[in-house]
Amino acid sequence: MTRHSTPVVESCVLAVDVGGTTMKGSVVGEDGRIRHSLVVPSQTGTDIEPIDAVRALCLRLRDDALALGATPVGVGVVTPGIVDEAAGVVRYASNIRFRDVALRTLVGQDLGLPAAIGHDARAAGLAEAVAGAGRGLDNFVLLPLGTGIAATVVLHGEPVTGASWSAGEVGHTPVHPGGEPCSCGQRGCLEVYASAGGMARRYARLGGTSGLDSRAIAEATGTDPLARSVWDTATHALGTALTTLTLTLDPACIILGGGLAEAGAQLLDPVRDTLRAALAWRSAPPVLTSTFGALAAQVGAAILARRAAGLPVPEGWGAPLPESVGHR
């Protein structure tokens, strides 16, 4: 009998992180390594419906995976907003114009693959729990600091969703009662002072250069008194919010992610100082930076995709290579 050898074709999962400005997609191999990635506009400023842009990106990722010789076995898509993960429905996400979108059904039918839908911050927390800064910890809190601020509370290795799938809206915790107005209708919200978008808006509103982003504000703190004031207010507000989380949840650690966390000690030192000073009778939990950084939600989406496909997700799956791990 003649035996013909068959080339080994790697399986993969597709991971999509939907944001208000851009969507990031990845083809993730069996070992958790990203084989291919791309970034496209979310199309929220055009006549193209955001849901159509998401579906098109998923189809493009599938075709790219097949061109690489990898066979997709599942897809995970994560978005901001109120996400009913059990039903696979994005109930409401204002910045991507989603309301009651049955995303899991639509994407699954488009690709003919098992699909999972998740919340972007909770997916990031899942990634940190499996292979990141929260690995091996029973409970921790992750705060991605970006355009807005959401928190993921992880208990027993799994993100807490809440009764109405909206747990973790820490960005709308009042840190200055009666303070500056927030787009949500409240006043004094953490996002107004400590999110990347909030800092840029405050700086411009108080007389600074319009269009300066949070990274530029951080870099200008040594020479620009207004930048210093905005930055100091942000770090104090964040430390105050972490105090409330610490006293409420008693986390083993607090992990800061998103673009602002890339400021490193410039952000971490004053936040830690505020947290320690506010806790009179107990010690502060460690405040660390995310292992995955901006990739955390994509890695979480890949984990959700593997679960949807019935594949195991061993501890450490998707961990970045040593040279790419962020400093804590």
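Is the crossing of H1 and H2 right-handed or left-handed? The crossing of H1 and H2 is right-handed, a term for a near helix turned clockwise from the far one by less than a right angle. This is a predicted model, in which local features need pLDDT of at least 70 and side-chain atom pairs count only at pLDDT 80 or more, while totals for chains, interfaces and linings use all residues. Residues are numbered from 1 along each chain as its sequence is written, and side-chain values use heavy atoms, without hydrogens and water.

**Helix pair**
- Helix H1 (residues 50-67) packs with helix H2 (residues 103-111) at an angle of about 35°, the axes being 10 Å apart; axes are lines fitted to C-alpha atoms over the stretch in contact, and angles run from 0 to 180 degrees between N-to-C directions.
- In this contact (heavy atoms within 4.5 Å), H1 supplies Ile51, Val54, Arg55, Cys58, Leu59 and Arg62, and H2 supplies Leu103, Leu106, Val107, Asp110 and Leu111.

**Ser11**
- Ser11 lies in strand E1 (residues 11-18) and is buried (under 20% relative accessible area, 1.4 Å probe, protein chains only), with a value of 19%.
- The side chains of Ser11 and Glu30 are joined by a polar contact of 2.9 Å, which is a pair of N or O atoms within 3.5 Å, one able to donate a hydrogen and the other to accept it.

Definitions and conventions. Helices (H or I, at least four residues) and strands (E, at least two) are DSSP runs, numbered from the N terminus. Buried means under 20% relative accessible area, exposed over 50%, partly exposed in between (1.4 Å probe, protein chains only).
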